[in-house]
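Grab a viewer and follow along.

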Amino acid sequence: QGQELPSNPVDEIVHFVKSMTSSIPKVTKALCIIISVSTIVSCVPILGEWFVKLFGLVAGSTLGKMFLWNIISFAFVEVSVIQCVVSVLALITLGKMVEPLWTSVEMVKFILFAVGCSGIVTFAFTVFRYIVTNIDSVLFDPVVGSSPVLAAFVVAIKQTSPDLDFLLFGNFRVTSSYLIGVYLAFYLLLVIIQSLSLQEFVAILASSYFAWFYLRYVQDHGDHRGDASESFALHTFFPPPASAVVLSFTTIISSVLGKTVGTLQAVSGPVTAIKRTTQAAAPNVVSSNAAEPYLDANSLDSERRRSRALKSLEERIMDDGSSKDGSEV
């Protein structure tokens with residue numbers, strides 16, 4: 001009579017699951033649930049095929065049938081159970097380190113920006129590939145997979161924990177700075193051995209870039225936007241041999257962007273958000289010539305304000321003079 005009855009095994013499982021998931025942040029938990037449910041549905045005969053065609057990125061249906069949502073929804077549809085398990089475990093690990101530092105709203109904005117831009121680029125690439133190859137299947141083979149979402153998280157971990165080491169295979173360790181490079185190299189290998197379509201790799205690559213772009217230039221920190229630190233510059237994602245090449249490329253892009261901003265300000269007035277963005281890119285610029293567009297944009301703005309002030313002063317002097325002449329008469 002003094003002994004406790006053994007608890008229900010089902011209750012024990014439920015309690016274990018709750019204890020394991022209680023520490024997972026809200027948005028990360030929602031992502032894991034969505035990806036898990038999509039995997040289950042996609043494995044159901046007939047229903048799964050319809051589900052993938054409806055929510056996967058099928059370029060022929062995006063504009064042809066106005067399935068515009070598939071530009072975003074494709075990254076939350078998973079058809080491989082193994083990939084689903086890997087993605088969920090990786091998202092939980094990375095999400096616990098990233099999401100608590102942000103708000104849930106910021107996390108959603110980050111994911112939708114990276115995935116949405118990735119979907120647009122993948123759609124454009126698919127249409128371009130169809131025009132070049134004239135193969136109908138290119139337009140109608142669905143692009144799905146949670147890898148673009150995971151790629152965005154991998155980029156974010158570089159910002160939040162730049163010196164963190166990850167143990168991947170055996171004793172092989174890689175810092176968070178180069179983790180995205182290893183991630184992309186792995187999927188490139190899958191493309192080479194024809195285990196992954198070129199469109200799916202483009203989606204992963206584009207998501208990685210736009211995740212970095214959002215954190216570098218767009219993310220709102222209240223008093224400023226983006227992360228202008230040298231440690232988060234694009235070339236720091238690559239090992240030394242490749243970083244110099246990337247640095248040269250980004251310097252050219254920064255210079256072109258600065259000239260574009262200067263033109264916009266000269267035509268339509270100050271563009272504060274864009275100017276702040278280009279100034280955040282300044283750490284990437286290593287030469288004084290590359291920094292000149294930013295100075296030109298600012299000088300144009302100052303010159304325009306000075307011209308307005310002089311014109312206003314002249315008008316005021318003329319008004320004063322005319323009023324004095326009237327009083328003398």
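A residue counts as buried under 20% relative accessible area, as exposed over 50%, and as partly exposed in between. Lysine 109, at 41%, is therefore partly exposed. Keep in mind that this is a predicted model.

**Salt bridges**

How many salt bridges does the structure hold? There are two. As background, side chains of opposite charge can pair when their charged atoms come close.

One of the pairs is made by glutamate 49 and lysine 53, whose side chains meet at 3.4 Å, N to O. Both residues belong to helix α3, which covers residues 47-55, and they sit four residues apart, or about one turn of the helix. The other pair joins lysine 109 to glutamate 106, with 3.7 Å between the closest N and O atoms. These two lie in helix α7 (residues 104-133), three residues apart, again about one turn of the helix.

| Residue | Relative accessible area | Class |
|---|---|---|
| Glutamate 49 | 51% | exposed |
| Lysine 53 | 45% | partly exposed |
| Lysine 109 | 41% | partly exposed |
| Glutamate 106 | 9% | buried |

Why is glutamate 106 classed as buried? Because its relative accessible area is 9%, and the cut-off for buried is under 20%. Glutamate 49, at 51%, counts as exposed because the cut-off for that class is over 50%.

**How α9 meets α11**

Now for a helix pair. Helix α9 (residues 147-160) packs against helix α11 (residues 198-218) at an angle of about 35°, and their axes are 8 Å apart. The crossing of α9 past α11 is right-handed. On the α9 side, the contact includes Ser147, Pro148, Val149 and Val155; on the α11 side, Ile204, Ala211, Trp212 and Leu215 are among the residues they meet. Sorted by class, this contact has eleven nonpolar residues, four polar ones and no charged ones.

**The nonpolar core**

The largest nonpolar core has 54 residues. Those with the most contacts inside it are Phe110, Ile111, Val149, Phe153, Val155, Ile180 and Leu215. Helices α2 (26-42), α6 (81-98), α7, α9, α10 (176-192) and α11 each supply at least two of the core's residues. Which helix gives the largest share? That would be α9, with nine residues.

Isoleucine 111 is worth a click: beyond its neighbours within four places in sequence, it is in contact with Val27, Leu31, Phe76, Gly116 and Phe153.

Leucine 94 lies in helix α6. Is leucine 94 buried or exposed? With a relative accessible area of 5%, leucine 94 is buried. Setting aside neighbours within four places in sequence, leucine 94 is in contact with Leu150, Phe153, Val154, Ile157 and Phe166. One of these, valine 154, is 60 residues away from leucine 94 in sequence, but 7.4 Å away in space, C-alpha to C-alpha.

Threonine 39 lies in helix α2. At 4% relative accessibility, threonine 39 counts as buried, since the limit is under 20%. Again leaving out neighbours within four places in sequence, threonine 39 is in contact with Glu78, Ser80, Val81 and Cys84.

Note on methods: Residues are numbered from 1 along each chain as its sequence is written. This is a predicted model: local features need pLDDT of at least 70, side-chain atom pairs count only at pLDDT 80 or more; totals for chains, interfaces and linings use all residues. Side-chain values use heavy atoms; hydrogens and water are left out. A salt bridge is a side-chain nitrogen of Lys or Arg within 4 Å of a carboxyl oxygen of Asp or Glu. Buried means under 20% relative accessible area, exposed over 50%, partly exposed in between (1.4 Å probe, protein chains only). Axes are lines fitted to C-alpha atoms, for helices over the stretch in contact, and angles run from 0 to 180 degrees between N-to-C directions. A crossing is left-handed if the near helix is turned anticlockwise from the far one by less than a right angle, and right-handed if clockwise. Contact means heavy atoms within 4.5 Å. Ala, Val, Leu, Ile, Met, Phe, Trp, Tyr, Cys and Pro count as nonpolar, Asp, Glu, Lys and Arg as charged, and the others, Gly among them, as polar. A nonpolar core is a set of buried Ala, Val, Leu, Ile, Met, Phe, Trp, Tyr and Cys residues joined through side-chain atoms within 4.5 Å.
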